[in-house]
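The following note sets out several points on the overall form and the surface of the model. Please read them alongside the coordinates.

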Amino acid sequence: RQSIIKVALDVPLFKLFDYKLNKNCTFKLKKGCRVLVPFGKQKKVGIIIGFSNNTRIPSSKLRSFISIIDNEPILSMNDMKFISFASNYYQYPIGKVISAALPVQLKKGFPLISYIDQLSLTNHGKACSTSNLKKSAPKQAELLEILKIKVRLNEKDLNNLSPNWRRYYKGLIEKKLVKKDRVINNYRVNQKYIRPSSGPDLNSEQANAVNTIINEKKFKTFLIDGVTGSGKTEVYLHLIKNTLKNDKQCLILVPEIGLTSQFINRIIKRIGLIPHQFHSSCTENEKFITWKAIRDSKAEIVLGTRSAIFSPFKNLGIIIVDEENDVSYKQQEGFRYSARDLAIIKAKHCNIPVILGSATPSIESINQCKKNIYTKLQLTERAGEAKLPSMHLIDINKNKTKDGISDLLLKTMNEHLKKNGQILVFVNRRGYAPTLICKSCNHIEKCKRCDSRMTVYQSKNSLICHHCGSKEKLKTSCHVCGSEYIALGQGTQRIESALNKHFSSEWIMRIDSDSTKSKGSLDKALEAAKSGTAKILIGTQMLSKGHHFSSLTLVAIINADQGLFSNDFRGSERLAQSITQVAGRAGRENKKGQVLIQTEYPDHPFWETLFKGGYKNAIRLILEERKQTGWPPYSYIALLRTESHQKKFTWEFLKKSKLILSSNNSTIDILGPVSAPMEKKAGKYRGQLLLQSNNRKILNHCISSFIQEIESKKITRRVKWSLDIDPIELF
């Protein structure tokens, strides 16, 4: 019998922790079970990863575990294999990865299986009349009558039916009319069936996509490349139906919570089943119940955002990743994983098909199709009678703007409103204006804790930093020269204010993260938008993808030039995706759609590339550029980020890291160290190293060796550092 258990703990250290088995422990421990262990002066919940007879810890210092929490593993061997892969690939401590995969209750040591009191009638109680009991103990008689109707009730039901039952049940037990037992607290799965409706007939491209995927009985990655409005969701629904018919579970990932309600309504209407949800808007208790339902195969359809990828499915039949190109699938803090990429790994482990869908597929997915690693299924036509919208530029050098809106755009908006059309004004900036500047000396109000400008919020009479949350009172005069301050640039609130002056009789609705903070506000706003009662919508990226606005005929893009001169090599790809997605909201049914893009650079080659050949042509040229310059997907990269309250410690760590990385492997390219584009953020000084290689295994091995060596250096105590494998944002 092995005497050492190896435990993963939720701590930022790249190792397992050894604890000895108690001599009097007769229980057989298993991998995947939780144990309570001493850790310094604390007690921590950990997961057993393995067993051994050897340890580097001196026997005098080796401690025993405190208690066993689970009799059986809460994570299966498949779950542990998946978590282990994620830990190794993203170079993140396995204890922290397990923590990301578990509900809060389990991390705190709550039992997976809980017990509850239950009262039930004895044979004597069933035969006993309550008439005599009413005279001597009316409250006992009242409780007995309730039990005669129900026979047995657990404490939750008793609390509802007879709140004071605990005062009287003991008397019934003494009379041998009732008995009390401890039973398993079975959670309730609120997954109801309704009569589904039949949807529209599939066109030939949709039918081909469905049949191709259904006929694939094992792992394969499919990319559904469909223009906006081509009916990708209809394909998903047919695949879900087929999966349920085979008694398998379905996992559907969406990039943002805002897209869940629309998807849920479609599933309820067409499948007749209310899906389980797993995302940050769910309470911790809701997530715990859903997690257990998934584990027990009681959740047939699960719809969630990126964290749902770690759900413990035992009978998974298909994974669908909608809007697969979306950056929201990549976690940007802590455990920096890509849910899209992990979905492919999970499907491979389960030997099932995984579907990636998008109107603007990522360059990585397109390249995998070119190499025949993924299978591309194309939907080239919009469903029904709908046609793709026409796209036009407004040169704001010739068409002057006021508050960011040109006269030509106002005129076109009037025309669409007269025809009862709905309008979406896309402004990818929150607040009133991104800059407060002095008219005389050009001094700009900046955040004291960040290298960033303060955003103007005129309605709140305040300046807010979108990076650290710092807030100040809005100033009217420059503290440098005393002259008047003016708000420069446009945010959603400024556009809303300007349009209210021009279209005072219309319902204008702003939908951004500021206006939808309260619970349920986003669903209400989207309902008004989709019904067409709100005639002018002003929104950010929240409205650019996935939503179906049947009355929308005009999309106006206010500040598209932001992406034309990005210093990120992914800038042009992101701009092409953003414009194509938001343009796709227009003309989705029988009304002709139009897209107007305001720009100061109408002669920029990007516009001709996008307008003449569409998104596919833009991506073809971007791929050629990437191949020439050696950027992903033609190489593999990782980013080492560091921050400290003192600049010298940041640079000391980065220089030391570069020396270690260079000595570990001379074949990888190390760019830097350099300051982060926003060097100071929330009072900390940030810097980074970019690691690049043509061989993924060599890069990951080099990083793994680096981690083992750097962890022993004292400088790590003075900085906060992180590794981002396959980063999607370099700046």
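1. Residues under 20% relative accessible area are termed buried, those over 50% exposed, and those in between partly exposed (1.4 Å probe, protein chains only). By that scale, 52% of the 731 residues of the chain are buried.

2. The model is predicted: local features need pLDDT of at least 70, side-chain atom pairs count only at pLDDT 80 or more, and totals for chains, interfaces and linings use all residues. Residues are numbered from 1 along each chain as its sequence is written, and side-chain values use heavy atoms, leaving out hydrogens and water.

3. The chain holds 21 helices and 32 strands (DSSP runs numbered from the N terminus: helices, H or I, at least four residues; strands, E, at least two). Its radius of gyration, 30 Å, is close to the 27 Å of the globule rule for 731 residues, so the chain is as compact as a globular protein of that length. The radius is taken over C-alpha atoms, and the rule is 2.2 Å times the number of residues to the power 0.38. Along the principal axes, the C-alpha atoms fill a box of roughly 95 × 65 × 65 Å.

4. I113, Y115 and I184 make a nonpolar surface patch of about 300 Å² (residues with over 30% relative accessible area and no salt bridge; nonpolar side chains, namely Val, Leu, Ile, Met, Phe, Trp and Tyr, joined within 5 Å, like charges within 9 Å). A salt bridge is a side-chain nitrogen of Lys or Arg within 4 Å of a carboxyl oxygen of Asp or Glu. Areas follow the Shrake-Rupley method with a 1.4 Å probe, only the protein chains shown counting as cover. I113 sits in the loop between α3 (104-107) and β6 (115-121) and is partly exposed, at 48% relative accessibility.
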